Amino acid sequence: MCQGLSSLSSCCLERAKDIKARLRILLQKSKKTCQSVRTNKKDKARSRPSSEEAKKWRQSLDKMLSHKHGLAAFRTFLRSEYSEENIEFWLACEDYKKIRSTAKRTSKAKMIYLEFIETDAPKEINIDYETKDSTRNLLQRPTSSSFDEAQSKIYNLMEKDSYARFLRSEVYLNLTRQTERAASHSESNKQSET
């Protein structure tokens, strides 16, 4: 006969809660993936960045991330390298910093920790133990800067590693070639009209 949840040990209950939280994150990811597929189809139909804009992305990772097409192209590149969790974590931290409500901040901090920082997290980022431990301690009383150290480490990792490879990648080179071709085609049309 079933004795209910009271017959389970506290360890089992904690593990069940952990599994439930992870499943919730996976379901959210699945919904986001479906939405992003729809969004990607719409985005392709919209205008592309100009050649000048795409070339500005070479100036810095900040320049590229501040441009919607730059962010989208970089995200596509990271996805192809199976390291999309880095940009997702960085973006989650940027959103987190904007939260003013203590209750919302606490909830979001826990979600970010469980999704990206905890050992064996679904999208675990590559940071050292000291940073993980420091971040976990800061989350006892979350502030808008609780993830700053971890976010900085991931930003530096992306800047030194992924960003440099992105600038040499086919994704970026094709984008700059396409925008240059579109610009030269547009220019030749203008000249033939005059």
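**Notes on an all-helix predicted model**

1. The chain has nine helices and zero strands, where helices (H or I, at least four residues) and strands (E, at least two) are DSSP runs numbered from the N terminus. From that terminus on, the order of elements is α-α-α-α-α-α-α-α-α. Please keep in mind that this is a predicted model, in which local features need pLDDT of at least 70 and side-chain atom pairs count only at pLDDT 80 or more, while totals for chains, interfaces and linings use all residues. Residues are numbered from 1 along each chain as its sequence is written, and side-chain values use heavy atoms, with hydrogens and water left out.

2. Some totals for orientation. Of the 194 residues of the chain, 31% count as buried; buried means under 20% relative accessible area, exposed over 50% and partly exposed in between, with a 1.4 Å probe and protein chains only. If you take contacts (heavy atoms within 4.5 Å) between residues at least 6 apart in sequence, 59% of them join residues at least 24 apart.

3. Now to a helix pair. The axes of H5 and H6 come within 11 Å and cross at roughly 170 degrees; axes here are lines fitted to C-alpha atoms, for helices over the stretch in contact, and angles run from 0 to 180 degrees between N-to-C directions. H5 is therefore roughly antiparallel to H6, given that angles over 145 degrees count as roughly antiparallel, under 35 as roughly parallel, 65 to 115 as roughly perpendicular and the rest as oblique. On the H5 side, the residues that meet H6 include Phe89, Ala92 and Tyr96, and the H6 residues include Ala109, Ile112 and Phe116. By class, the contact of H5 with H6 has eight nonpolar, no polar and four charged residues. For these classes, Ala, Val, Leu, Ile, Met, Phe, Trp, Tyr, Cys and Pro are nonpolar, Asp, Glu, Lys and Arg are charged, and the others, Gly among them, are polar.

4. Ala109 deserves a look of its own. This residue of helix H6 is buried at 2% relative accessibility. Not counting residues up to four places away in sequence, Ala109 touches Tyr96, Leu139, Pro142 and Phe147.

5. For the aromatic side chains, a search of the whole structure finds eight pairs. Rings of Phe, Tyr and Trp (its six-membered ring) pair if their centres lie within 6.5 Å, and planes under 30 degrees apart count as stacked, over 60 as edge-to-face and the rest as tilted. Phe89 and Phe147 make an edge-to-face pair, at 6.3 Å centre to centre and 80 degrees between the planes. Because Phe89 lies in helix H5 (residues 84-97) and Phe147 in the loop between H7 and helix H8 (148-168), the pair ties together parts that are 58 residues apart in sequence. Both Phe89 and Phe147 are buried. Elsewhere, Trp57, Phe74, Phe77, Phe166 and Tyr172 form one aromatic cluster.

6. A buried lysine is worth checking too. Lys132 sits in helix H7 (residues 129-138) and is buried, with a relative accessible area of 11%. The side chains of Lys132 and Glu124 are joined by a polar contact of 2.5 Å. Such a contact is a pair of N or O atoms within 3.5 Å; within protein, one must be able to donate a hydrogen and the other to accept it, and residues adjacent in sequence count only if both atoms are side-chain atoms.

7. Finally, two backbone points. Tyr82 has a positive phi of about 55 degrees although it is not a glycine, and at 73% relative accessibility Tyr82 is exposed. Asp120, in the loop between helix H6 (102-117) and H7, has a phi near 65 degrees and is exposed at 57%.
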